[in-house]
Amino acid sequence: SQGTQQMTYCLGIKVGEGIVGLADGRITSGTQLSVAHKLTQHGPPDARFFIMTSGLRSLRDKTVAYLERNRAESAAGYATMLDAVSAYTHCLRQVTEEDKQALFNSHLAFDLHTLIGGQLPGDREPTMYLVYPEGNWIEVDRRTPYLAIGITTYGKPILDRALRYETDL
């Protein structure tokens, strides 16, 4: 259902050697527990990137469907991760315009946090972005070698102490 609460944990790490994306697969709705993939890959085999989300599944599915439609319409795909994240935020803002008021009327928040990462042909190195529900984003970089979305409290102290940009994969 649209109101399914996702007890999600997604973690994006960027170190000097590359990036890592990890996501759990647990979804709870009341007393029901199910599994859904929260990390998906997109793009042709030579230009793949991943998307991980936390929030309403209906918003994720619609945003990703719009992104896939837009990507399919362009034979070249995306040259860089900046192009991919820009396309994603465009689709997210379109979904916001279409669905935010209806969600508000149903007493649901427009909640979709996203980690997008990869290395596309025009990128010098792997890149990862955290996209907020409003469509703005920050880049995971040397200053912030990891970002997590969803239920993030348990691992944060360990990551803060142990993870540095210089940490090997």
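Figure 1. T114 is buried, with a relative accessible area of 0%; buried denotes under 20% relative accessible area, exposed over 50%, and partly exposed the range in between (1.4 Å probe, protein chains only). This is a predicted model, in which local features need pLDDT of at least 70 and side-chain atom pairs count only at pLDDT 80 or more, while totals for chains, interfaces and linings use all residues. Residues are numbered from 1 along each chain as its sequence is written, and side-chain values use heavy atoms, with hydrogens and water left out. T114 belongs to strand 7; helices (H or I, at least four residues) and strands (E, at least two) are DSSP runs numbered from the N terminus. The side chain of T114 forms a polar contact with that of Y88 (2.7 Å). A polar contact is a pair of N or O atoms within 3.5 Å; within protein, one must be able to donate a hydrogen and the other to accept it, and residues adjacent in sequence count only if both atoms are side-chain atoms. Beyond residues up to four places away in sequence, T114 touches I51, M52, T53, Y88, Y129, L130, V131 and I149, a contact being heavy atoms within 4.5 Å.

**Figure 2. Y88 and the largest nonpolar core.** A nonpolar core is a set of buried Ala, Val, Leu, Ile, Met, Phe, Trp, Tyr and Cys residues joined through side-chain atoms within 4.5 Å. The largest such core has 24 residues, and F49, L67, Y88 and I116 have the most contacts inside it. At least two residues of this core come from each of strand 6 (49-55), helix 1, helix 2 (81-105), strand 7 (112-118) and strand 8 (127-131). Helix 2 supplies the largest share, nine residues. Apart from neighbours within four places in sequence, the contacts of Y88 include I51, T63, V64, L67, L112 and I116. A second, separate core of ten residues includes L115, M128, V140 and L147. In soluble globular proteins, nonpolar side chains tend to be buried together.

Figure 3. The side chains of R57 and D61 meet in a salt bridge (3.2 Å, N to O), defined as a side-chain nitrogen of Lys or Arg within 4 Å of a carboxyl oxygen of Asp or Glu. Both residues lie in helix 1 (residues 57-73), four residues apart, about one turn of the helix. D61 is partly exposed, at a relative accessible area of 33%, and R57 is likewise partly exposed, at 35%.

Figure 4. D141 pairs with R143 in a salt bridge (2.7 Å, N to O). D141 counts as buried at 17% relative accessibility, whereas R143 is exposed, with a relative accessible area of 71%. A further salt bridge joins the side chains of E166 and R142 (3.3 Å, N to O). This pair links distant parts of the chain, 24 residues apart: E166 is in the segment after helix 3 (156-162), and R142 is in the loop between strand 9 (137-140) and strand 10 (146-150). E166 is exposed, with a relative accessible area of 59%, and R142 counts as exposed at 54% relative accessibility. The structure holds nine salt bridges.
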